[in-house]
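Have the viewer open and follow along.

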Amino acid sequence: MYYERPPASGAFLPGELGAATFSAGNLEREEQLHALVDAIPQLVWIARPDGFAEYHNRRWCDYTGLSNEQSRGEGWLQAVHPDDRQQLIANRLEAVQTGNLTEVEYRLRNGTTGEYHWFLIQAVPQKDSKGTLIKWLGACTDIDRQKCVEQQLKASEENLRILAETIPQFVWITRPDGYVEYWNQQFANYFQATPEQIQGHRWRQFLHPADYDRAVSIRHHTLATGEPYETTYRLRNGRTGVYHWFLARAVPLRDEAGQISKWFGTCTNIDEQKHIEEALRQSQERAQALMDSNIIGIFIAHSGQVVEANDTYLRMTGYTREDLCAGKINWIHMTPPEYAAQTEQTFCELAAQGYRTPYEKELICKDGSRLAVVVGGTILHNNPHQFIGFVLDNSARKELEQRKDDFLSMAGHELRTPLTSLKLQTQIVKKRLAKKGLHETVAALTRMEEPVRQLERLIGELLDVSKIQMGQLEYANEPVDLDALLREIADTMQQMSNSHTIVVHGAAPRCMIGDKGRLEQIFINLLSNAIKYAPDTPLIEVEASTSGESATIKVRDYGVGIPREQREKIFERFYRASDPSRRAVSGLGMGLYIVAQIVTRMGGTITVESEIGEGSTFVVTLPLERPTDRSWQPATM
Ligand code: ADP
């Protein structure tokens, strides 16, 4: 709609420029030329030698929305992007002055949408036969798409360059034959090398000698086959001289014909990772060596199911590796019912402290037989459902203990019989001698009675230990006046000892249910120990009290005391202190064991408080009623 036909002057049209006269044929040709000029997709224009625009074709008018008249002279400048105008005017001036062919790019506004598109302006000077410039013929070609692609490409190239320079990896590009022609700054910085020292294949001088051949040979192979390249090698740090491990990777870029035009590669520093891997490998090796131990059975259980075990464990329990893989080993099923309490204890300890204090138990082996073991274990920090157990075959020790127990029991019985007849015979002889009035000999025989009583007590203790072991120690359930019993024992002990003073404080219950003989045994033992282990401090105190359903009796001395680490052990069978001050005192380490077993059996507790050199206090607490009698085993101490 803006388009106007140019003035009917041939001077405006190419080909006929400068013609002076027009025939009808000329006019027809002119029409055709107009049609042609309007048909071509470019925006076409004609300008005077001084740059004054005289004509714009229909495409120009359609695109810019400017009529021919509006575009005349400098009018067309309205369609040019304001930022490009100055440059364009300068270019035009230069072209006018030099008369040379010019090509410039600038933006023209689309009159309909208001958007600017990039155009390539090509102006051709039209000269007459004498070479005088008579017109400029110009065409503007829309190169907006091309320009956009170019800009995008440039932007993406720039992005890639920035990326390559910013990432911590080394980035490099090689020719198809592996010749390095580009590398990022990090690459050069690491080696502290000049471009000449890196270019081509020279960078290989920084490879660790031990990795050189392997790395180069792998590279040759990938260059020959076009397979992606991936390897690890050490490169020397130019500043420190230290070699670091790198992971090198490269992929080929192929052209349309499938030929490799370049290789794009990176090197990633994996030194730390390598060290971690190495440390892990070593730690795994050590763990494996531990696992391979032929002394300790080791297993890992997940919710009772044994998921891993070493050969020693399998050998001990009779299971095979196939059983293990088939999930046929279950720790819970291997635990005899009487150890349920210990299993419970295991769970509690694991939850509270993360490990299980070693304890003795039996395992049910694959063939149903039982194996005595010592078990300890721990849970994995990161996986508390996994239990690592350590199992020691304890059967040899148990067997030895059994033999020892059998021997003690036998010895006890064997000793008691002759001792009983010896005691009986002495009594008979003593009576006969008394009848005959041989008083001196009677007195001598009486002196024999005390050592015999001592021997009797010792043998009694030996037999008690055996009975406890077999769970055969009998207990009577009878009413006992504990207060009277305590005072009676204190009196008797006092009569036997001139060196110590036994003082009873407080009052014990007058009536409780228990075994009088066993209660006697408890307090005689504690008082004799107090006398034995406090040779230089004469005061021994017994403090009795009752509270609610229980009685508490404390036996206190001011003697040598017991070191902290021995305070639990003294209740173990045959345990005797190793320090010379107490070792010198005679004894067999049975007394406190028997005492503790009796107290436990009566449903009570025994503890000790002590300070080295200041004395010890044994605290016995007993329920006034006997607990319901259940099947009883010696308490593990
Ligand atoms: P024995 O006295 O025969 O060695 P016990 O079983 O009675 O055996 O005692 C075990 C150990 O406990 C003793 O060897 C001794 O070291 C220690 N002990 C017991 N009572 C006392 C005490 N009152 N003071 C210091 N140590 C004691």
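## Overall build

Among contacts in the protein chain between residues at least 6 apart in sequence, 51% link residues at least 24 apart. Please keep in mind that this is a predicted model. The protein chain contains 18 helices and 22 strands. Its radius of gyration is 55 Å, well over the 26 Å that the globule rule gives for 637 residues, so the protein chain is more spread out than a compact globule. You can see this if you turn the model along its principal axes, where the C-alpha trace spans about 190 × 60 × 50 Å.

How much of the protein chain is buried? Buried residues account for 41% of the 637 residues. The accessible surface of the protein chain comes to about 36100 Å², and carbon and sulfur atoms contribute 54% of that area.

## Around the ligand

Now zoom in on the ligand. There are 20 residues around it, and those that come nearest are N529, Y533, D557, R576 and L592. By type, the shell around the ligand divides into ten nonpolar, six polar and four charged residues.

How much of the ligand does the protein bury? Taken alone, the ligand exposes 530 Å², and 98% of that is buried by the protein. Which elements give two or more residues to the shell around the ligand? They are α16 (516–532), α18 (591–601) and β22 (615–623).

## Two residues with positive phi

Two loop positions are worth a look in the viewer. Q192 is not a glycine, yet its phi is positive, at about 55°. Q192 sits in the loop between α6 (185–191) and α7 (195–198). With 51% relative accessibility, Q192 counts as exposed, because the cut-off for exposed is over 50%.

F574 also has a positive phi, near 60°, in a residue other than glycine. You will find F574 in the loop between β20 (550–556) and α17 (580–583).

Key. Residues numbered from 1 in each chain as written. Predicted model: local features only at pLDDT ≥ 70, side-chain atom pairs only at ≥ 80, totals over all residues. Heavy atoms only, no water. Near = heavy atom within 4 Å. Areas by Shrake-Rupley, 256 points an atom, 1.4 Å probe, with all protein chains shown as cover. Helix = DSSP H or I, 4+ residues; strand = E, 2+ residues; numbered from the N terminus. Nonpolar A, V, L, I, M, F, W, Y, C, P; charged D, E, K, R; others polar. Rg over C-alpha atoms; globule rule 2.2 N^0.38 Å. Buried < 20%, exposed > 50% of the residue type's maximum accessible area, 1.4 Å probe, protein only. Contact = heavy atoms within 4.5 Å.
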